[in-house]
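Please read them with the coordinates open.

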Amino acid sequence: MKSIKDWWEARVTRKSDIAWQLYRDTALKATSADQLRLLGLPETSEARFEALALELAALWLRLEQGCEDVQALRRRVAEAFVADMDASLRDLGAGDLGVGRRVQALTERLYGRIAAYRVIFSSDISNDAIKEVLERNLYKEGLPEGAEIIDSATHEVRRIGLAWEAVDDQGLLSGKARA
């Protein structure tokens, strides 16, 4: 018989849930201070959401290309996103009555970003086209200073896409995030 502590730890860390592990590892990489710096984003909750949306778009598109079991992970990753946004909003002090609407709005924004970023993760897109998409979505609050930041972000977008392509179906099914 499991102890209450074991049950609680499994429930909170969700070690046995592959989609949750995949989401958590992806979110940690996407919202790290180093990643935000590479993308030229400030350390704000809005910037973290945008960086997460960019990373999840690449993951989402990779999951679409996988076998049937990998494709089924998309729904479970989306559920992990919703659960994380719900918990995050509650941690920030949002009241019960407003959380559902806010999570729905964030989910709609995520799906909008996935649609917008679909084109930048195709291999035959130019750097200028990537920059245009980033300007409309990632930098909608204003461009970072310096052309080198935009160039760095463009390079990072290409690297993210290639890194997700390199993760095979078996890796995804075992919860492996990109390198």
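1. Trp20, Tyr23, Phe49 and Phe81 make up one aromatic cluster. Rings of Phe, Tyr and Trp (its six-membered ring) are paired if their centres lie within 6.5 Å; planes under 30 degrees apart are stacked, over 60 edge-to-face, and the rest tilted. The model is predicted: local features need pLDDT of at least 70 and side-chain atom pairs pLDDT 80 or more, while totals for chains, interfaces and linings use all residues. Residues are numbered from 1 along each chain as its sequence is written, and side-chain values use heavy atoms, with hydrogens and water left out.

2. The structure holds 4 aromatic pairs. The rings of tryptophan 20 and tyrosine 23 have centres 5.8 Å apart and planes at 40°, so this pair is tilted. Both residues lie in helix H2 (residues 18-30), 3 residues apart, about one turn of the helix. Helices are DSSP runs (H or I, at least four residues), numbered from the N terminus.

3. Tyrosine 23 is buried at 1%.

4. Phenylalanine 49 and phenylalanine 81 form a tilted pair, 6.4 Å centre to centre with 55° between the planes. Phenylalanine 49 belongs to helix H4 and phenylalanine 81 to helix H5, so the pair ties together parts 32 residues apart in sequence. Both phenylalanine 49 and phenylalanine 81 are buried.

Definitions and conventions
Helices (H or I, at least four residues) and strands (E, at least two) are DSSP runs, numbered from the N terminus. Buried means under 20% relative accessible area, exposed over 50%, partly exposed in between (1.4 Å probe, protein chains only).
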